[in-house]
Structure formats: structure tokens, C-alpha cells
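User: I have a structure here and would like to talk it through. Can you take my questions one by one?

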Amino acid sequence: MSKKLLIVDDNKGNSDLYKMRFEYDKWEVKVAYSAEQAIEIFEDHNYLPDAILLDLMLPKMQGDELLKIIRKDQRTKDIVVVVLTALQLNPADEEKISGDADDYILKIDILPEQLVNRVDELVEKKAE
Amino acid sequence: MHITLSSYIPLFSAAFVLSLGIFTFSRYLRTKRELELVLSLFCGSVTVWLFGTFMMFISTTDAQAIFWDRFVYSGVVFVPTLMHHFSVVFADLKGQRKYLKIGYALSLIFLILSWTNLFVSDLYRYEWGNHTKAQLFHHIFIVLFFAYTSVFFVNIWKFYKSGIDEKLKNQARYVFAAFFTLIVLGAPAYLPAYGISVPPFPFISGLLFIVILSYAILRHKLLDVKAAGAIFLTFILIIILVANLFSSSLLFKILALAIMLIVGYFLLNTIQKEAEHAERNEKLADKLEKDKKELVELDRMKDEFLQMATHELNTPITAIQGRLDMAVRENMCKLNDEQKAYFQPILNEVMRLAHLSKDVLNVARIDQHRLTINPTETDIDALISQIVTSLDIKAKERGNSLAYIKMNKMLPKLTLDQSKIGEVITNLINNANKFTENGKIAVTSKLKDDVVVISVADTGIGMDKEDQKHLFEKFYQAGRFDSNNPQEQQGSGLGLYISQNIIKLHGGEMWLASEKGKGSTFYFSLPQEYKEIKQSTRIHSDGTNLRVL
């Protein structure tokens with residue numbers, strides 16, 4: 001069975017890119033353009049992915065708030081969450097925001113292929 | 001002889017000068033400043049002159065008048081020496097100090113002589129008063145008097161001319177004016193000694209002297225006191241009030257009232273000025289506080305702006321870089337060789353742009369002392385091994401061998417920012433790879449004393465001393481104008497600057513050894529015990545690092 005990914009990113013250019021790359025590696029990918037939409041996907045569609053790529057700057061509810069919600073919810077708390085952002089925070093601030101995340105990656109720091117490998121690695125590790 | 005208005009002039013002058021004398025002497029007792037001692041002694045001498053003159057004027061017999069005039073000279077003989085002394089202290093003329101003793105010796109000699117007929121004798125009575133007649137030593141004294149006072153004026157004038165400090169220059173100006181008024185206006189008091197009668201105006205000089213000096217004290221902090229003027233004026237008021245209580249003369253009362261009005265006016269004026277001053281200071285302090293807040297806010301906004309700007313840049317760069325990498329390197333679009341060769345440089349340039357965008361914000365943070373690190377306990381061996389493995393392919397592409405050589409079997413766990421130190425090591429290996437072709441790159445680590453030293457050595461082109469000197473500067477690029485070093489190999493010139501600062505934030509150091517044509521070795525040290533490095537001065541923010549989401 002293919003692994004499932006949810007991309008939460010309001011930037012279409014970036015979300016399309018990652019969707020394309022993950023699908024190339026046979027992942028099932030859904031995209032949410034806002035935190036609210038992401039919650040809707042969990043609730044209404046009962047779609048529980050293996051991993052979430054989470055952007056920090058989102059239209060209404062911010063990425064870190066969504067992360068807290070994900071971690072509180074019994075159904076979603078164990079999902080691998082990779083904070084993937086274009087926002088370059090100071091390392092000390094990164095820690096505060098990404099404390100609950102499985103990884104924190106700056107978008108320009110990672111090539112699509114490396115990202116797929118990294119997420120895959122994290123999902124495998126969690127499954128053990 | 002009955003008391004007239006003119007006989008009161010020296011008395012009032014005396015009271016004023018005595019007040020300043022007592023005031024400065026009480027200041028001296030607290031501050032032990034020589035200038036205040038000399039000024040108070042000078043005021044004492046002038047008081048003796050003025051008070052003696054008053055007593056001489058109201059003397060009823062010749063013998064009494066002569067006695068009081070000799071008393072006058074007992075003060076006057078010290079005036080030139082004390083003035084000279086004052087100028088020496090005020091203008092800090094160490095060279096003239098040795099002459100002070102001679103001056104005081106002369107004053108003492110004249111003090112003794114003034115009580116003999118060799119100095120003054122007999123009495124000359126004139127319309128407005130009386131005076132003893134000058135004798136031989138009086139003539140000599142007059143010459144010395146003007147010689148000494150001239151030296152005083154020259155000293156103060158020179159000090160004023162050569163001065164740079166506006167405050168001191170202003171003080172010098174008023175000191176000169178006060179003493180000049182005293183001497184020029186007061187000197188005619190000698191004339192009756194030579195049989196020339198003058199109205200008692202010379203005795204007003206004491207009053208004017210005080211007014212000018214008080215102003216200098218008040219406005220130009222001659223005695224380094226803020227409220228000096230107010231205290232001094234109040235003191236004068238009390239003296240006059242007390243004197244008024246004991247006097248039955250109507251003339252005295254009118255004169256006292258006039259002086260009280262003048263002094264009262266000055267006193268109110270002084271208090272008002274002080275109040276205005278305090279008010280202005282308060283406003284300034286408020287403004288300063290507001291300005292500081294604004295600056296902190298601006299500082300924060302600058303970081304916020306840069307963060308937003310790089311965020312906006314990073315988003316499209318990510319998309320371009322990602323798609324190009326998928327198309328060219330991963331060959332997802334099945335490009336032919338010609339197409340690949342066409343797109344590869346674009347990918348290289350976009351990756352360079354991605355680095356630059358990241359570096360710019362880091363450099364701005366370093367410059368604002370805002371760059372922070374997030375240290376955690378780290379296995380440095382594992383970190384280096386992991387990076388070396390991941391960069392191995394890149395090294396091979398340029399025909400280089402890349403190896404990690406451990407000098408110690410076990411390195412202690414270090415507290416460091418994993419991603420930042422990882423960036424430093426990656427940056428050093430990438431640099432080595434950039435300047436080395438078909439050579440060797442060796443990463444080593446060893447524990448020496450309390451620090452772990454990590455080095456990255458290559459057998460590349462190396463660099464000359466000039467390049468080495470500037471290498472860690474912002475935007476500096478080694479061999480920038482070297483024609484053997486094609487443009488595409490160049491970076492932003494920020495990598496080493498950032499790396500060095502990251503190492504400094506960990507309490508370590510970074511340095512290099514290099515020889516042109518033979519290769520370079522970069523070293524950095526990390527202390528075994530991590531201590532947080534306090535970043536140097538910056539506008540202090542409210543302590544919370546603002547998050548921008």
C-alpha cells in the first residue's frame with residue numbers, strides 16, 4: 001500500500017512541486033492550502049496521512065497552531081510532521097516553534113529528492 | 001566722622017565678598033579642591049581691604065584711621081600673590097608653581113612693612129574719605145602689585161586662547177572679567193595715598209566682582225555646584241536682614257532694602273532657571289526614552305523586514321531549484337545531453353542564489369548581534385562522518401578523495417548547534433572541493449587540552465598571504481580576479497564570515513594555514529565545556545524574540 005502524504009502550504013508553486021515529486025515515488029498526496037482545510041481533511045474525509053509537510057506561514061490559522069492541534073488529537077498525534085518553510089528563523093526561535101515537529105527544514109536547503117528520502121526515513125523509523 | 005552713604009559702599013561690598021569667601025571655604029572643606037581654597041583666601045583678603053576701608057572711613061581719630069588703613073594693607077598685600085596662585089591652579093600651570101613661594105614670601109615682607117612708617121604714614125583727608133600717605137615701600141609694592149596682576153591676566157588669557165573645552169573657555173572668560181573689573185575699578189583706591197582724591201566708586205568693584213563670579217559659578221559651573229548661586233544669594237540675604245535688625249539708620253535701611261530687592265530678584269531668577277532646567281531635563285529624558293523605544297522597534301522591524309523579504313525570495317527560488325533539479329539531475333523529463341548541458345548552469349546559478357538568500361539574512365543577524373544558536377548535546381564524530389559521507393559524491397565528481405581521520409578514538413560529546421556546526425563543516429569541505437582538483441581532502445578531529453580541534457585540509461591551489469589576511473571578511477573572495485578561477489566557482493564571499501561567527505558563538509575560534517600552490521587547511525576549535533557567549537552591545541529588545549508567522 002502506498003504511503004500517504006498531506007501537504008499544508010498555501011503556495012501553489014511549492015505544493016505542486018512536492019506533490020509531483022512525492023507522486024513520482026508512488027506516494028498518495030493530498031494538498032491543503034490552509035490549516036482549516038487540513039483539519040477538514042482529517043475530520044470530514046477521515047484522511048489520516050503517514051506524514052504531513054507543514055508550512056508555517058498560512059492564511060488564517062498558522063502552522064504552529066495546527067501542529068499543536070495535530071499533536072493533541074488522538075488520531076493524528078503520531079503522524080510524522082515535517083515543518084517545511086521558507087521562513088528563516090533564528091535557530092533558538094526554530095526550537096520554540098518546531099518543538100513538536102519531527103523535523104524542521106528550510107525549503108531552499110533541501111532538494112525534492114532529498115526531501116522524499118528524509119520523510120520516508122522518518123515514517124519508517126516511526127513505524128518501527 | 002559721621003556715617004554717610006559712601007562709607008556704606010565698602011561695607012556692603014565687604015559683606016558680599018565675605019559671603020562668597022565663606023561659601024567657597026565651606027565648599028573647600030568638603031571637596032579639598034585647591035581652587036576653592038585659593039578663591040576663599042582671596043575673598044578673605046578683599047574683605048579685609050573693604051571692611052578696613054569702611055572702618056577707616058568711620059574712624060573718629062587720625063590714629064584710628066591710620067590703624068584701619070594698615071589693617072587694609074594687611075589684606076591687600078596678599079591680593080597679587082593669591083591672584084597669581086588662582087591663575088596657576090585654574091590654568092593648571094605647573095611650571096609657575098615654584099614662583100608661588102616667592103610671592104607669598106614677598107607678601108609676608110610687605111605685611112610686616114605695612115605696619116611701619118616705611119610703607120604708609122600720616123593721614124590724607126579728602127572730600128569722600130581719608131587715606132594714609134604712601135612711602136617708599138608702598139611705591140615698590142604698587143609696582144609688584146601690577147606686575148603680579150598682569151601675570152594673572154596673561155595666564156588666564158593664554159588659557160582662554162588655547163582652550164578647546166567650551167565650558168572651561170567660558171569659565172576663563174568670566175574669571176578674567178570678574179578680576180579685571182575688580183582690579184581696574186578697584187585700583188583708583190590707591191590714588192588718595194598719593195594725594196589724589198577720588199569718589200568711593202572703587203569699592204563697588206567688590207560687588208561687581210561677586211556678581212560676575214556668581215554668574216560664572218551658576219551658568220558655567222565654575223565651582224562644580226548646581227545650587228551654589230541660590231545658596232550663596234540666600235546667605236547674602238540673611239546677612240543683610242540680620243544687619244538690618246541691628247541698624248537704626250534710615251539710610252542703611254533704604255540701602256539694605258535696595259540690595260535685598262536686587263539679591264531677591266537674582267535669587268528668584270536663579271530658582272526659576274533651575275526649575276526650567278529641571279523641566280527641560282525631564283522632557284529630554286522622556287524624549288530619550290521614547291527615541292530608544294523607537295530604535296528598538298526599528299531594529300526589530302529591520303529583522304522582520306529582512307526575514308519577510310528572504311521568505312518571499314525563498315518561495316520562488318525553492319520552486320525553480322526543485323523543478324530544475326528534478327528535470328536536470330534526476331532527469332524526470334528525459335532531457336537529451338544537449339538540453340541537459342543547457343539547463344545545468346541555470347540549476348547551478350539558482351542553487352547559488354538559494355545560498356545567497358540564506359546567507360544575507362544570517363549576515364544581517366550577525367551584524368545586529370541577533371544570530372542565536374540552539375545548542376544540544378551532540379556526537380561530533382557522527383556529525384562529521386555523516387557530512388563526509390554525504391559530500392563524497394561531490395568530491396569524486398572533481399576527482400578528489402575525501403576522508404575523515406580521527407586522531408582520538410573517542411571524542412567527548414559536545415554541546416553545539418548541530419545544524420549550524422554542520423553548515424560550517426559542509427561549507428569548509430565545499431570550499432576545499434571548489435579549489436582542489438584531482439587531489440585530496442582530509443577532515444580530522446582531535447582533542448587537545450579542553451578543546452576539540454577540527455580541520456579540513458586540501459591539496460588545492462592554496463592562497464597567498466594577502467588573501468589569507470582578508471579571507472574572513474564579509475564578501476571577500478579569494479582569487480576573485482584570478483583568471484584560472486572561473487566565475488561559476490565563486491560563491492558569495494559570506495560563507496567563511498558566517499562560519500567564523502558561528503564558531504565564535506560557540507566560544508571557539510577559526511583560523512587557517514595555507515601556501516600558494518600547495519593547499520590550505522582550515523581549523524576551528526570547540527570548547528569541551530559549552531558556555532553561552534554574551535553577544536556584544538546591541539539595542540536591547542524586550543527580550544522575547546519576536547516570531548513572525
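This is a predicted model: local features need pLDDT of at least 70, side-chain atom pairs count only at pLDDT 80 or more; totals for chains, interfaces and linings use all residues.

Analyst: Residues are numbered from 1 along each chain as its sequence is written, and chains are lettered from A and ligands numbered from 1 in the order in which they are written.

User: How many helices and strands does chain A have?

Analyst: Chain A has five helices and five strands. Helices (H or I, at least four residues) and strands (E, at least two) are DSSP runs, numbered from the N terminus. Their order from the N terminus is β-α-β-α-β-α-β-α-β-α.

User: What share of chain A is buried?

Analyst: 43% of its 128 residues. Buried means that 20 or more other C-beta atoms, placed from the backbone, lie within 10 Å of the residue's own.

User: Over to chain B. What span does α11 reach?

Analyst: Helix α11 (residues 337-367) of chain B reaches 45 Å from its first C-alpha to its last. That is close to the 45 Å expected for its 31 residues at 1.5 Å a residue. The expected span is 1.5 Å times one less than the number of residues.

User: Where does α11(B) bend?

Analyst: At B:Phe343, by about 25°. The bend is the angle between axes fitted to the seven residues ending there and the seven starting there. A proline, B:Pro345, follows within four residues.

User: What do the buried residues of α11(B) pack against?

Analyst: They pack against α10 (250-329) and α15 (495-505) of chain B. Among the buried ones are B:Val350, B:Ala354 and B:Leu361.

User: And what comes after α11(B)?

Analyst: B:His369 follows, with a positive phi near 55°.

User: Last one. At what angle do α13(B) and α15(B) pack?

Analyst: About 140°, with axes 10 Å apart. Axes are lines fitted to C-alpha atoms, for helices over the stretch in contact, and angles run from 0 to 180 degrees between N-to-C directions. Helix α13 (residues 418-434) brings B:Lys420, B:Val424, B:Asn427 and B:Asn431 to the contact. From α15(B) come B:Gly495, B:Ser499, B:Ile502 and B:Ile503.

Notes:
A residue is buried if 20 or more other C-beta atoms lie within 10 Å of its own, exposed if 12 or fewer, and partly exposed in between; C-beta atoms are placed from the backbone. Two residues are in contact if their C-beta atoms, placed from the backbone, lie within 7 Å.
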